[in-house]
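Below is a short briefing on one protein chain. It covers the overall build, the surface and two residues.

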Amino acid sequence: MGGAQVAISQLEQAMATLRLGLAEMSNKEDQLDALVSQFQTQLRRLPRQVVYGQTSLDSSLAAMGEIEERLEDVVANRRRLLAIKKTATQELEALQLLKRVDESRSKLAGLKKSADSAGEDARTDVQAEVRRLEKFIVDNSRQAEQAVTERFRERTGGQANG
């Protein structure tokens, strides 16, 4: 039981770390979205400033070029951030599924023990719950294992045994 507790604790810690990372990524995404909006607004306003003589043509062209470069850089950073965020989300989903499978296995073991001492009516309910849990475990264990193994292979450059 001690080993299972350590594994669950590590799983919980990994999930917490991913949640914190995802929150940070969401904040960064908001910052990048604000910059995109700011640069797009500046690009819309500069031509009017030239037309109405508030800015010279040359300085406006130079400013627009700088803003366009910054905008392209922000858009590229946002795209990269979203790729990282997608990976982190997939990792978290895989770990959450693994946790649910683990919890179902623990609940199943407890139910099987209690089924022996339960009365006939309760035993029928317990058996139905046992079948439901077994189906959940079978349906999701392979999916969780594949997701975790796939992520491990990606992290280690395809060097997982399996």
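Among contacts (heavy atoms within 4.5 Å) in the protein chain between residues at least 6 apart in sequence, 74% join residues at least 24 apart. This is a predicted model, in which local features need pLDDT of at least 70, side-chain atom pairs count only at pLDDT 80 or more, and totals for chains, interfaces and linings use all residues. Residues are numbered from 1 along each chain as its sequence is written, and side-chain values use heavy atoms, with hydrogens and water left out.

**Build**
- The protein chain has three helices and zero strands; helices (H or I, at least four residues) and strands (E, at least two) are DSSP runs, numbered from the N terminus.
- The pattern along the sequence is α-α-α.

**Surface and burial**
- The protein chain has an accessible surface of about 11200 Å², 52% of it belonging to carbon and sulfur atoms; the areas come from the Shrake-Rupley method with a 1.4 Å probe.
- Of its 162 residues, 27% count as buried; buried means under 20% relative accessible area, exposed over 50%, and partly exposed in between (1.4 Å probe, protein chains only).

**Ser60**
- Ser60 lies in helix H2 and counts as buried because its relative accessibility is 1%.
- Leaving aside neighbours within four places in sequence, Ser60 is in contact with Leu46, Val50 and Thr55.

**Glu68**
- Glu68 is placed in helix H2 (residues 57–117).
- Its relative accessible area is 38%, so Glu68 is partly exposed.
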